[in-house]
Structure formats: C-alpha cells, structure tokens
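Load the structure and follow along.

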Amino acid sequence: MASSSSSSLSRVVVKSSDNNLFVVNKKVASQSQLLKQCIDNMEEKGTNDVILIPLSNVTSNILTLVLEYCEKHADFADDDNNNQELKQWDHEFLKKFDYATLNSLTMAADYMVTKSLLNLCCQFIADSIKDLTVQQIRQIFDIKNDFTPQEEADIKNENAWAFR
Amino acid sequence: MKREKFAEQMDLISNLPDHIIVHIISSLPTEEAVRTSILSSRWKYLWKDITSICLRGCENDPDKFANLVDHLLGNCSSSSFLSFEIYFPDKIGLPRLNALICNALSHKIEKLILNIKTWFSWFPAPPLPNCALVCSTLVVLKLRTCFDIVIPESIVCFPHLKSLELCVILPNQDSVLQQLLCSCPVLENLSLSGYLDFCEVRKFDICVPTVRKLDLFLEYKGRSEISEYDIIINTPNLEHLSITDDSLSRFVVKNLSCLCHAEIMYESPSLEAVETKHINSLLELLKGVTKTLLLRLHFHTVNVLEKALSYTWPEFPNLVMLDMILSDESGWTCFANVLHTAPNLKVLILDLERMNTDPDEREPCVWTPPDSVPTCLLEHIKIIGIRWFGENDDELQAIEYLLKNALVLEHMMIGIPAYWIDEEVAEKLLTFPIASVNCYFQVYRRIHYKNSQNKIT
C-alpha cells in the first residue's frame with residue numbers, strides 16, 4: 001500500500017520515544033506544526049515512501065493523548081473555532097488528567113507545536129492557580145523561597161500595586 | 001477539591017521550561033502574574049516576558065491606575081502582545097486616557113480590548129485617539145467605549161483585522177461607519193452594538209464582502225423623539241446573522257446567499273405600538289434571510305408576526321431547523337403560519353419558557369390548529385423538541401396535534417422543568433396516538449438544545 005502512487009500521502013507513521021509506532025492520518029497529523037513541517041518537507045522531495053517521524057521527547061502514553069486531541073480537532077477543522085461542542089470536549093478532555101500527565105502533555109504540545117493544545121493546557125493550569133496566595137502556590141508546586149526577607153520586601157515594594 | 005488533588009503531586013510546575021511558565025502566567029490576570037515574582041529567584045523576572053495584559057482599573061484613583069499601566073509597560077520586555085485588555089476606571093481624564101492608549105499601542109498588539117465605562121457623562125463623546133486607528137498588527141479589536149470615531153480619510157487602518165466588536169454610541173457622522181468598515185479588508189466577524197437615541201445618522205450601510213458573522217444589537221431607549229433608521233446589510237459571504245433590535249428599524253437585506261444561521265429579535269416597546277410599517281419592515285427582513293438553514297425566532301419577533309397574519313409571508317425553502325420561542329402574549333396564533341413557510345423543515349424546537357415562567361400569571365392561550373396540515377409535518381419533520389412544557393391544555397393539544405400529523409417523526413422530546421412534574425399529565429402525554437411508526441418518545445426533566453448543525457443530519 002505504501003507504494004500506491006497517490007499524489008500525496010494520506011498517512012504518516014509517528015514513532016514515540018519508547019519506540020511505539022502510530023499510524024496517523026495526514027489531516028490529523030497536520031494539527032501539529034512539527035509533523036506538518038516534516039510531511040511538507042518530505043513531499044517536496046517527492047518521496048512516495050511512508051513517512052516515518054521519530055519523536056524522541058514524547059512517550060507513547062502522552063503521544064496517544066496528543067493524537068486523540070488532534071483527531072478531534074481535525075474533525076472540526078473546517079468549522080469555526082468558536083464551536084461550543086468542541087470547547088466542551090476540550091474541557092472534559094483535560095479534566096481527566098492528573099497534574100503529572102497535564103505537565104507532560106503541555107511539554108509535548110509545545111514540542112510538537114500544537115498551538116491550540118498548548119494554549120488550552122496553559123490556560124487550564126493558570127485557572128488552577130488563579131486566586132491562590134503566594135504561600136499556597138509555593139506549597140502546591142513545592143517552590144523553595146530563596147529570598148531573604150529584605151529581598152522579598154524590595155520586590156513587593158517595586159510592584160506594590162500587585163501586592164495590595 | 002481539585003486543588004487538593006493537585007497538592008498531592010507537588011514539584012511539577014518547576015519542571016516546565018521558562019517559556020511555558022511564561023505562557024501560563026500570561027493567562028493569569030496581570031496582577032497575579034506580577035505577584036509570581038515573589039515565589040523564588042527563578043520566578044523573579046519571568047513575569048516581565050508575559051505576552052498578554054489584562055488590567056481592571058477598580059482603583060478609585062485614576063492617576064494611580066494610569067501610573068501603574070505606564071510602570072507595567074515600562075517593565076515588560078515584550079515588544080509585542082498577543083492580547084491587551086484594559087478596563088479603565090471611572091473618571092479617567094481624556095488626556096491621560098489618550099496618552100495611555102498611545103503608549104500601549106506603541107507595542108505590537110494582536111488583540112486589543114478597551115473598556116471605558118463613562119457612558120453619557122462626557123457627551124458628546126470625545127474622538128478615539130488616532131493612534132488606535134493605525135495599529136496595523138491588530139487581528140481582534142473590541143471597543144466598549146463612549147468614543148466618537150473619526151477616521152482620517154483614505155487609509156487602510158486595519159489590514160489584518162478579522163474580528164471587530166464595537167459597543168459605542170454610533171458615530172454621528174454619515175459615512176463614518178462605512179469608512180471604518182472599508183478600512184478592514186479581511187474582516188470576518190463584526191459585532192455592532194449601539195444606542196440610537198442620540199444618533200443623528202438615519203442610515204447605516206453595512207456592506208462588507210468578507211464578513212461571515214454579523215451580530216447587530218440596536219437599542220433605543222426612547223430618550224428622544226422616535227426616529228426611523230434604515231439598516232442596509234449587504235454581505236454576500238455572510239453565514240451567521242443575529243439581529244436584536246428594539247428600535248423597529250427598517251432593514252434592507254441583500255445578497256445573503258451563503259446564510260446558514262439567522263437569529264432575529266425584533267422588539268416593539270408594546271404590542272399596541274406595532275404599526276403597518278413595522279410589520280412590513282419585519283417581513284422585509286425575513287424576506288432577506290429566506291436562504292437560511294437555521295432560524296431562531298425570538299418571542300418579540302413572534303409577537304410582531306402575530307399582527308401580520310393577513311399578510312403574505314416569505315417562504316424558507318432551505319430551512320431545516322426552526323427554533324421558535326413562544327410567549328403567552330401571542331400564544332399559538334402564528335405557529336401554523338410559520339410552519340407553512342418552511343416546507344422542508346426537519347427539526348422543530350419550541351421553547352415555551354417565556355410562556356410558562358410564571359404559571360400563576362399566565363395569559364390564557366388557545367391552541368389553534370392549522371387549516372391544513374403543513375407539508376413539512378407530513379413529509380419532513382423528524383425531530384420535535386419542546387422545551388419548558390408547562391402541562392397546560394393548549395400545550396397538550398398542540399402536542400397531540402403534532403404527534404397525530406407528523407408522519408415521519410423519529411424523535412419527540414419533551415422537557416419539563418424539574419420543579420413541577422405531574423405524573424398524570426405525563427401519563428396522558430404517553431397515551432396520545434402517534435402517527436409515525438418509528439417514533440421515539442421521551443419526556444425529560446430538563447432539555448437543552450444546541451444550535452448545532454451537526455445535530456440535524
């Protein structure tokens with residue numbers, strides 16, 4: 001099937017860091033600018049082979065999730081971005097994950113240049129730390145306060161309006 | 001509770017690279033983003049790279065607010081912002097305001113949202129600073145202000161602007177709106193809200209070939225002598241049109257061959273005030289949107305239509321989904337007429353919330369069956385949804401009629417507000433004869449519909 005001479009390839013194979021292979025529809029893959037760039041480059045060279053894209057930074061667990069997201073969004077690609085149904089799906093999609101998964105997903109979205117997924121993850125994390133006090137944020141994310149009391153006071157002073 | 005769950009899995013945000021953290025704090029209100037500077041030395045300067053600014057000037061002291069915006073802009077290292085959103089405090093003086101906006105716009109900004117509350121206190125409105133009109137990087141612009149818009153002639157102000165939302169006192173010079181719209185060669189979404197009371201212009205020409213979505217919100221508070229307005233809509237690529245109008249304007253709608261979604265709320269201050277010319281202008285407006293696939297008629301529109309029973313109504317040959325909001329003022333009187341205008345209708349949604357919001361105060365409504373069974377009912381209607389069923393006799397008769405005559409019905413859904421449910425009425429509903437062989441009949445506690453096209457096919 002690989003040698004079928006359709007003018008452009010409709011499928012690509014993506015390899016995760018733990019060496020699992022994912023066969024992906026081109027429209028789905030194009031949701032990631034990184035994959036899209038690889039496909040475009042290969043097609044410019046006129047290859048008829050199956051395109052194999054290794055992703056050294058993304059595990060198969062996370063890649064499955066990114067592709068699930070891409071698949072859903074590829075379905076809605078022609079629709080306008082304000083689609084309520086899609087927004088609802090996005091929210092449900094992220095809600096399921098624990099924080100570690102969310103973090104890896106964010107990094108993968110960044111690495112694979114899937115801008116809308118990156119925005120979504122960042123907004124989700126931002127919403128979860130919104131309205132928390134500095135102490136709470138430090139505690140939740142285990143951030144060590146390495147300032148001296150004097151330094152801390154200086155910072156507060158410099159942007160006093162934000163620390164009312 | 002969600003946060004407690006987060007707390008159990010600590011030390012994770014710090015694994016993220018700086019640029020992602022910056023992205024995350026850019027999504028916070030700016031004040032909170034700045035506060036992260038105190039978390040630790042790693043975080044001290046991260047906020048300076050934020051790419052979005054959102055400030056609410058709840059500060060009573062406008063000078064203080066202006067200073068902090070200046071300070072903030074002076075400290076941010078980004079020369080371009082994805083989003084810049086400011087809610088200005090009351091009583092900010094015009095010179096300060098102008099200086100602030102110009103300072104902000106010396107950066108490259110993709111999305112600019114300016115909210116200024118002082119509505120009528122400065123009337124007549126001051127002009128919007130010119131620098132706001134030559135910001136060539138803008139993709140989204142929302143102005144909720146009292147600015148008067150004055151545009152220097154013959155310049156393309158917004159070469160990349162795709163979305164424009166104006167909530168303003170409509171410009172008092174003829175042609176200003178037109179000139180503004182001409183300055184947006186790639187505009188796709190246009191939302192225009194305006195108070196017509198003090199508006200001297202009588203005619204608005206909305207002629208934008210690129211626009212795909214148009215929301216018009218025209219309000220007339222009756223502060224001055226009632227005047228007549230002409231709204232001309234000429235948008236050949238429009239897909240989505242929503243009109244909310246309580247000024248009873250005269251609409252001239254041309255060239256809407258791509259339209260798929262139309263929503264109309266045409267409101268008269270009182271039913272007695274509806275005159276022949278208003279009826280004619282509503283029918284004229286409907287004639288302009290006959291190509292649409294989806295139509296939502298607000299109860300105000302239905303109330304005006306009730307006065308138009310003896311007129312000729314336009315036909316909607318493409319209409320597949322109709323969402324009609326009924327009220328107890330006009331009851332079921334024009335229901336039959338509306339169905340007759342949509343011969344190919346597949347999905348019918350009746351929203352009775354307005355009819356049944358206050359059961360004790362409900363005006364008596366009488367079910368009036370159509371003279372002849374509408375074609376769509378006999379041949380096409382597959383789904384009927386009734387929202388906010390109030391268990392009154394007229395509603396039961398309507399449902400009985402629909403079940404008896406909808407020959408190809410597949411799904412009948414009835415939504416009952418959770419707090420009143422009568423088993424007897426529910427039983428009675430289920431004993432009505434159903435003409436269609438394959439009909440699935442359901443009674444829900446609550447029912448919500450999405451105006452989504454995907455649901456139709």
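This is a predicted model: local features need pLDDT of at least 70, side-chain atom pairs count only at pLDDT 80 or more; totals for chains, interfaces and linings use all residues.

## How chain A is divided

Chain A splits into domain 1, residues 11-130, and domain 2, residues 132-164.

## A three-stranded sheet in chain A

Now to the strands. Chain A has an open sheet of three strands, ordered β2-β1-β3, and the pairing is mixed. The edges belong to β2 (21-25) and β3 (51-54) of chain A; each has a single partner strand, so one side of each is left without a neighbour in the sheet. From one strand to the next, the twist averages 30 degrees.

Strand β1 (residues 11-15) of chain A runs parallel to β3(A), and four bridges join the two. If you want a pair to click on, Val13(A) has Leu52(A) in β3(A) as its bridge partner.

Two helices pack on this sheet. Helix α2 (residues 33-45) of chain A touches β1 and β3 of chain A, and its direction makes about 145 degrees with that of β3(A). Helix α3 (residues 60-75) of chain A touches β1 and β2 of chain A instead, with its direction at about 10 degrees to that of β2(A).

## Helix α5 of chain A

Does the length of this helix agree or disagree with what its residue count predicts? Helix α5 (residues 99-111) of chain A has 13 residues, which at 1.5 Å a residue should span 18 Å. The end C-alpha atoms are 18 Å apart, so the two agree.

Quite a few of its residues are tucked away: Tyr99(A), Thr101(A), Leu102(A), Asn103(A), Leu105(A), Thr106(A), Ala108(A) and Ala109(A) are buried in α5(A). As background, an α-helix has 3.6 residues a turn, so residues three or four places apart point the same way. Just past the end of α5(A), Val113(A) takes a positive phi of about 50 degrees.

## Asp351 in chain B

Over in chain B, Asp351(B) sits in strand β15 (residues 347-351). Is Asp351(B) buried or exposed? Its relative accessible area is 9%, so Asp351(B) counts as buried, the cut-off being under 20%.

The side chain of Asp351(B) makes a polar contact with the side chain of Arg387(B), at 3.0 Å. Leaving out residues up to four places away in sequence, Asp351(B) touches Asp323(B), Met324(B), Ile325(B) and Leu326(B) as well as Arg387(B).

How values were computed:
Residues are numbered from 1 along each chain as its sequence is written. Chains are lettered from A and ligands numbered from 1 in the order in which they are written. Side-chain values use heavy atoms; hydrogens and water are left out. Buried means under 20% relative accessible area, exposed over 50%, partly exposed in between (1.4 Å probe, protein chains only). A polar contact is a pair of N or O atoms within 3.5 Å; within protein, one must be able to donate a hydrogen and the other to accept it, and residues adjacent in sequence count only if both atoms are side-chain atoms. Contact means heavy atoms within 4.5 Å. The expected span of a helix is 1.5 Å times one less than its number of residues. Domain bounds come from an automatic or database domain assignment. Two strands pair if DSSP finds at least two bridges between them. Axes are lines fitted to C-alpha atoms, for helices over the stretch in contact, and angles run from 0 to 180 degrees between N-to-C directions.
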